[in-house]
Amino acid sequence: MSLPTPPRTALVTGASHGLGRAIALRLGAAGHRVVVNYFSSVAAAEETVAAITAAGGTARAIRADVRDPAQVAALAAETTHHFGAPEIIVHNATGPQPMLPLEAYAWKDFQDQLDFFVKAPVLLTQATLAAMKQARWGRIILVGSEVVDLGNARFSAYVAAKAAMVGLARAWATEFGPWQITVNLVAPGWIPVERHAGTPPDALAAYANALPLQRQGRPSDVAGAIAYLATEEAGFVTGQSLAVNGGNTF
């Protein structure tokens with residue numbers, strides 16, 4: 001028998017486009033009140049909100065640089081003011097991902113990735129954790145990447161920062177478990193979104209054909225996995241890394 005999941009307040013970072021938009025749409029379709037966090041793409045964020053509301057959901061766009069402590073505090077406060085304290089957090093925000101040989105990297109390239117994938121989740125989790133503990137319910141979901149298992153060459157800054165997210169999920173799952181707060185990571189494969197628009201079709205086909213499922217992943221595939229982890233039924237799943245990549249890693 002399935003467990004009903006009542007409407008919750010969900011906050012998705014970097015939700016104006018790409019995977020973030022698909023995640024926000026899916027959570028909205030599940031009946032949750034969705035905060036569409038964005039940094040610069042206000043029009044795209046409002047389009048995401050409009051799509052959620054047109055489907056009968058509830059959503060609001062809130063701008064914040066999730067790498068900045070003051071803006072994260074304001075994001076949490078504004079979310080709480082409009083929808084109640086966040087109960088589902090999806091750490092999805094990302095930025096440029098340079099691919100360079102190690103000799104060409106500057107330390108700032110590594111720091112930039114760590115700011116998105118370690119600093120931002122730490123700041124937002126710190127800003128929302130007290131309310132989850134008080135409610136004795138919470139879902140924290142990090143968006144990782146298959147690159148941690150693949151170890152892609154010329155991508156070490158991104159790979160290292162995404163690997164750190166695995167450590168956060170495992171440590172936080174242990175730490176927050178007594179309050180019935182689950183922490184999991186979803187690791188997508190190469191899922192084409194807007195920023196991949198210039199990718200040659202043969203490159204996309206080569207990746208897809210090498211997968212056991214022999215098809216390209218869709219944003220909805222990732223969103224569906226995240227939506228499950230946000231349910232009551234997933235309440236006994238924590239500290240896990242779920243690969244959503246058509247079988248590219250095992």
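# Cores, helix pairs and salt bridges

Me: How many residues does the largest nonpolar core have?
Reply: A nonpolar core is a set of buried Ala, Val, Leu, Ile, Met, Phe, Trp, Tyr and Cys residues joined through side-chain atoms within 4.5 Å. In the largest one, Leu75, Leu142, Phe176, Val183 and Leu185 have the most contacts inside the core. Its total is 35 residues.

Me: What pLDDT do side-chain atom pairs need to count?
Reply: Residues are numbered from 1 along each chain as its sequence is written, and side-chain values use heavy atoms, without hydrogens and water. The model is predicted: totals for chains, interfaces and linings use all residues, local features need pLDDT of at least 70, and side-chain atom pairs need 80 or more.

Me: Which helix supplies the largest share of this core?
Reply: Helices (H or I, at least four residues) and strands (E, at least two) are DSSP runs numbered from the N terminus. Helix 3, helix 4 (107–135), strand 5, helix 6 (156–176) and strand 6 each supply at least two residues of the core. The largest share is 10 residues, and it comes from helix 6.

Me: What is Leu185 in contact with, leaving aside its neighbours within four places in sequence?
Reply: Contact means heavy atoms within 4.5 Å. Leu185 is among the residues with the most contacts inside the largest core. Beyond those sequence neighbours, its partners are Leu142, Gly144, Met165, Val166, Ala169, Gln240, Ser241 and Leu242.

Me: Are helix 4 and helix 6 roughly parallel or roughly antiparallel?
Reply: Axes are lines fitted to C-alpha atoms, for helices over the stretch in contact, with angles from 0 to 180 degrees between N-to-C directions. The axes of helix 4 and helix 6 come within 7 Å and cross at roughly 20 degrees. Angles under 35 degrees count as roughly parallel, over 145 as roughly antiparallel, 65 to 115 as roughly perpendicular and the rest as oblique. So helix 4 and helix 6 are roughly parallel.

Me: Which residues of helix 6 make the contact with helix 4?
Reply: On the helix 4 side, the contact is made by Asp109, Phe110, Gln113, Leu114, Phe117, Val118, Pro121, Val122, Thr125 and Leu129. On the helix 6 side, the residues are Ser156, Ala157, Tyr158, Ala161, Lys162, Ala164, Met165, Leu168, Trp172 and Phe176.

Me: How far apart are the axes of helix 1 and helix 8?
Reply: Leu19, Ala22, Ile23, Arg26 and Leu27 of helix 1 meet Pro219, Ser220, Val222, Ala223, Gly224, Ile226 and Ala227 of helix 8. The packing angle is about 50 degrees, so the two helices are oblique to each other. Their axes are 8 Å apart.

Me: Which residues of helix 8 are buried?
Reply: Buried means under 20% relative accessible area, exposed over 50%, partly exposed in between (1.4 Å probe, protein chains only). The cover over the buried residues of helix 8 includes helix 1 (18–29), strand 4 (88–91), strand 5 (138–143), strand 6 (181–188) and strand 7 (241–244). Within helix 8 (residues 219–229), the buried ones are Val222, Ala223, Ala225, Ile226, Ala227 and Leu229.

Me: How many residues apart are Glu232 and Arg8?
Reply: A salt bridge is a side-chain nitrogen of Lys or Arg within 4 Å of a carboxyl oxygen of Asp or Glu. Glu232 and Arg8 form one, with the closest N and O atoms 2.8 Å apart. Glu232 is in the loop between helix 8 and strand 7, while Arg8 is in the segment before strand 1 (9–12).

Me: Is Arg8 buried or exposed?
Reply: The relative accessibility of Arg8 is 13%. Arg8 therefore counts as buried.

Me: Which parts does the pair of Arg33 and Glu87 tie together?
Reply: The two side chains meet in a salt bridge, at 3.8 Å from N to O. The pair is 54 residues apart in sequence. Arg33 is partly exposed at 25%, whereas Glu87 is buried at 17%. The parts tied together are strand 2 (residues 33–38) and the loop between helix 3 (69–83) and strand 4.

Me: Which residues do salt bridges that share partners join into one network?
Reply: A search of the whole structure finds eight salt bridges. One of them joins Arg215 and Asp221 at 3.1 Å, N to O. The network formed through shared partners holds Arg8, Arg33, Glu87 and Glu232.
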